Amino acid sequence: KYEKIWIAFGTGSLLVFLTILGIGAFYQGTQPPSCLVTLDPANVQAHESFKEENLGLHQVGENEYVVNVLATAFNYDLGKDAEGNTVRKIRIPAGSKVTFQATTSDVVHGFQLAGTNVNMMLEPGYISDYVTTLNTPGEYTLLCNEYCGLGHHLMMAVVEVY
Ligand code: CUA
């Protein structure tokens, strides 16, 4: 007799659990935190952060910076400097809060700032972001850790913390 009650209880709990999971997945769009914002990979300039003039380093507060990066095979686009030269290196004061926002307009690329916790996967159609505080002065290499083609090893940029 008691078995029946427990079977009913067990089945009921399972149904409640699945219902909650279902609501979470379908109505709230539960996704990994790095994949919340989507954009059209063929037209990334349509997104404010990835317009050509908005790429690269921006100071947004006293000790706060945003870095917008567009990855393509086989380059990290950090925008142009005041003289119109391609930026290969950005400089950030130690102790600053930095938000890296990055996407790709072609294939999957990696986004790893060697020697730090910054490590993301860039997928077409999604914006990946990572908020960190870079405390230790030094030169850090931004590199691609997802094989993306013949020039994979050429994907590189430098972040200097001073
Ligand atoms: Cu990009 Cu490997």
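These legends walk you through close-up views of one predicted model. Residues are numbered from 1 along each chain as its sequence is written, and side-chain values use heavy atoms, with hydrogens and water left out. Local features need pLDDT of at least 70 and side-chain atom pairs count only at pLDDT 80 or more, while totals for chains, interfaces and linings use all residues.

**View 1. An open sheet of five strands runs in the order β5-β11-β10-β7-β8, with mixed pairing.** Strands, here DSSP runs of E with at least two residues, are numbered from the N terminus; two of them pair if DSSP finds at least two bridges between them. β5 (89-92) and β8 (119-122) stand at the edges, and each has a single partner strand, so one side of each has no neighbour in the sheet. From one strand to the next, the twist averages 20°, using axes fitted to C-alpha atoms and angles from 0 to 180 degrees between N-to-C directions.

**View 2. β5 meets strand β11 (residues 156-161) in the parallel sense.** Four bridges join this pair. Look for I92, whose bridge partner in β11 is V161.

**View 3. The largest nonpolar core holds 26 residues.** Such a core is a set of buried Ala, Val, Leu, Ile, Met, Phe, Trp, Tyr and Cys residues joined through side-chain atoms within 4.5 Å; buried means under 20% relative accessible area, with a 1.4 Å probe and protein chains only. Among the residues touching the most other members are V67, Y76 and I92. β3 (64-72) gives the most to this core, with four residues. Another core, of six residues, lies apart from it and includes V44, F50, L55 and L70.

**View 4. T104 sits in strand β6 (residues 96-104).** T104 counts as buried because its relative accessibility is 0%. A polar atom of the T104 side chain lies 2.7 Å from the backbone oxygen of V107, and one lies 3.1 Å from the backbone nitrogen of D106. Beyond residues up to four places away in sequence, T104 touches P41, V44 and L70, among others; contact means heavy atoms within 4.5 Å.

**View 5. S96 is also found in strand β6.** With a relative accessible area of 0%, S96 is buried. The side chain of S96 has a polar atom 2.6 Å from the backbone oxygen of P93. Leaving aside neighbours within four places in sequence, S96 is in contact with N63, Y65, T132, T133 and L134.

Definitions and conventions:
Buried means under 20% relative accessible area, exposed over 50%, partly exposed in between (1.4 Å probe, protein chains only). A polar contact is a pair of N or O atoms within 3.5 Å; within protein, one must be able to donate a hydrogen and the other to accept it, and residues adjacent in sequence count only if both atoms are side-chain atoms.
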